[in-house]
Amino acid sequence: MKLSLTAHTLATDTDDGAVLLSQRTGHYWQLNPTGAYALQRLLHGRTTDQVAEEFAERFGIALNQAREDLTAMTDQLRASGLVEAS
């Protein structure tokens with residue numbers, strides 16, 4: 001699945017990851033460097049499976065674990081209205 005920020009979401013990089021702000025609700029999410037990197041890859045057109053494969057190889061973790069972690073993150077961001085499938 002490819003993602004995009006929703007129209008009311010602002011994103012900014014920080015020294016230790018990234019922050020997403022919903023202008024609609026005022027809620028924000030802070031992502032650690034790995035989460036910020038994953039989201040950046042997804043926002044630039046990579047699919048969840050492609051990013052999971054990259055992370056499995058890069059960090060030496062099981063592909064299933066990388067896929068589960070990415071899916072959990074994207075599900076939470078989608079449920080919060082910060083990103084949407086594109």
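Q: Which residues does V51 touch, not counting residues up to four places away in sequence?
A: V51 touches A38, R41, L42, R46 and L70. They are called contacts because heavy atoms lie within 4.5 Å. This is a predicted model, where local features need pLDDT of at least 70, side-chain atom pairs count only at pLDDT 80 or more, and totals for chains, interfaces and linings use all residues. Residues are numbered from 1 along each chain as its sequence is written, and side-chain values use heavy atoms, with hydrogens and water left out.

Q: What makes A66 buried or exposed?
A: The relative accessible area of A66 is 3%, and that is under 20%, so A66 is buried. A66 lies in helix α3. Leaving aside neighbours within four places in sequence, A66 is in contact with A52, F55, A56 and I61. The C-alpha atoms of A66 and F55 are separated by 6.4 Å, although these residues are 11 apart along the chain.

Q: How do you know that E54 forms a salt bridge with R41?
A: Look at the closest N and O atoms of E54 and R41: they are 3.2 Å apart. A salt bridge is a side-chain nitrogen of Lys or Arg within 4 Å of a carboxyl oxygen of Asp or Glu, so 3.2 Å meets the rule. This pair joins distant parts of the chain, with E54 in helix α2 (residues 48-59) and R41 in helix α1 (residues 33-43), 13 residues apart. With 19% relative accessibility, E54 counts as buried, whereas R41 at 24% is partly exposed.

Q: What makes R67 and D49 a salt bridge?
A: Their closest N and O atoms are 2.9 Å apart, which is within 4 Å, so the pair counts. R67 sits in helix α3 (residues 63-79) and D49 in helix α2, 18 residues apart, so that distant parts of the chain are linked. R67 has a relative accessible area of 27% and D49 has 41%; each is called partly exposed. By this rule, the count is two salt bridges.

Q: Which residues have the most contacts inside the largest nonpolar core?
A: They are L39, M73 and L77, in a core of 18 residues. The elements giving two or more residues to this core are β3 (17-22), α1, α2 and α3. It is called a nonpolar core because its members are buried Ala, Val, Leu, Ile, Met, Phe, Trp, Tyr or Cys residues joined through side-chain atoms within 4.5 Å. L77 touches L20, W29, L39, L82 and V83, not counting residues up to four places away in sequence.

Q: How do you know that strand β2 and β3 pair?
A: Two strands pair if DSSP finds at least two bridges between them. Strand β2 (residues 9-14) and β3 have six bridges in the antiparallel sense, so they pair. In these strands, L20 is the bridge partner of A11, and L10 stands opposite L21. β2 and β3 form a hairpin with two residues between them.

Q: What about β3 and strand β4?
A: β3 and β4 (residues 28-31) pair in the antiparallel sense over four bridges. L20 stands opposite W29 in β4. The hairpin of β3 and β4 has five residues between the strands, and G26 takes a positive phi near 85° there.

Q: Why is L21 called partly exposed?
A: The relative accessibility of L21, which lies in strand β3, is 31%. That value falls between 20% and 50%, so L21 is partly exposed.

Methods:
Buried < 20%, exposed > 50% of the residue type's maximum accessible area, 1.4 Å probe, protein only.
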